[in-house]
Amino acid sequence: MITELRDALRAEAGAVPAYAVYERAVRTARRRRRTRWGACLAAAAVLAILATSGVPGALLADPPPIGSVDGRPSIPDRLAFPPAFWPSVTGSPPGPASVLFGGTGFAVDRPLRLLDDEGDLAVVGATSDVYRMMRVGFEVHAGEEVLLSPDGNSLAVPSGFGLRAGILDLSTGEETRLTGFSDTEYVTPLAWSPDGHTLAVKVVPGGAEYPQFGLVDLPGGAIRKSPSPFGSESMPGFDAAFSPDGRLFAYAADGEIVVVRSDLTELARIATPGRAWLAGKGAWAPDGRLMTWEITDDTWRLRGVDLAAKLSGYPLLTSADPEWTVTAPDLAAVRLLGWTGGQPIVAVYQREPSSTVGPPTTYYQDVHSVAVWRLTATGHQVLLTAPHNLMSIDIADAALATGEVRAADPPRFGLVTVLAVVVPVTFVVTLGWALVRRVRRTARRRGIPPMSS
């Protein structure tokens, strides 16, 4: 009896299919691995969509307006780099701006920032500290290749790396391309006319020809190119300036300053010494004098050229003419931005200690930081300060004209910024964890073999 029962149990056990422990373990491991990879890819996709769509930036509130009581444009007394994922000029247009700046201190909020940290700019509102980002995609400098219009409503953008030169409207975020150029020409804005209806540009042909100077009528885009070459040597930010009434234009060309009318008729050529050059976009003083910088050791002298000897109706140079100086060691450059109450407003570029290039130079590798000064008869007044790695700047003429400086309140990396980034990440991680748990439970239930009766 016992033998028969034992044989029956053995036969019954032999009829039951063997449980594939190894094969099931391999399938489970593979399924879990696929689940983990799927959850990670889903989380990465959601984060990428959030980062590129501007959602985190839209969650970051701008500070309350603290501009002038009457709403006039003013200059903030300090600048700061905005936090990561800050809104852009195209996604959330800021309206008129008073300051445009650039540098290498912007937050790393996308992978390409690890490779290119010189193609980002930011604008600051005309009456309050509304910051907006602008990503150009290649190295540019505020006030040199990208220019803020006199009224602060637009930006002139150069061509490069497949992009066409154009005008970006800061009120709508829309960009209008300049159509009067071929695809092989590299176009760099030089200066705005005071009324904002004309843009001076440098045009570099695709061949071996010298660069040309041109005037573009806005908004139509018709261009008038000068028959004479622009010159082989160029210093962005110092090359060109319109007269206060917009009728005359001066540009630098191989050791000379060339003065032309709006129809490009050449009126005068003025030779400059070897250590002198056009002072910047504000080179025309309100009284009609044309100003240059001259360097002697660590002293920069702002003085007029003898324009009256070439053109009638302009003031004669005399020993009583005012002369402004900037004396400081380790300056990379000093650029004249404009005038306030007859006093020059200048951008002062502090040299990077490791730089060995002689002044003037405004390349990012040679500049440590930049500040804005008002020059006076006895020295200077600091109007604007900036952090290390903020290396280029432009200020709208409308803000310079008022001469007003406001107490700045730039955006900071605070609680709102943290929540805008942490909340989406936490949600994605929690969702992925819940999905993994659900998949595991489902797989576990399906993997249990049915009980025999």
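L435 is a residue of helix 5, which spans residues 415-447; helices (H or I, at least four residues) and strands (E, at least two) are DSSP runs, numbered from the N terminus. The model is predicted: local features need pLDDT of at least 70, side-chain atom pairs count only at pLDDT 80 or more, and totals for chains, interfaces and linings use all residues. Residues are numbered from 1 along each chain as its sequence is written, and side-chain values use heavy atoms, without hydrogens and water.

With a relative accessible area of 47%, L435 is partly exposed, a class that lies between buried (under 20%) and exposed (over 50%), with a 1.4 Å probe and protein chains only. Together with F427 and L431, L435 makes a nonpolar surface patch of about 310 Å².

An open sheet is formed by 4 strands in the order 5-6-7-8, with antiparallel pairing. Strand 5 (147-148) and strand 8 (175-177) are the edge strands, each pairing on one side only. Two strands pair if DSSP finds at least two bridges between them.

Strand 7 (residues 166-169) and strand 8 are joined over 3 bridges in the antiparallel sense. I167 has T176, in strand 8, as its bridge partner.

## The chain as a whole

The chain holds 5 helices and 26 strands. Of its 453 residues, 46% count as buried.

Definitions and conventions
Patch = residues over 30% accessible without salt bridge, like charges linked within 9 Å, V, L, I, M, F, W, Y side chains within 5 Å. Areas by Shrake-Rupley, 256 points an atom, 1.4 Å probe, with all protein chains shown as cover. Salt bridge = Lys/Arg side-chain N within 4 Å of Asp/Glu carboxyl O.
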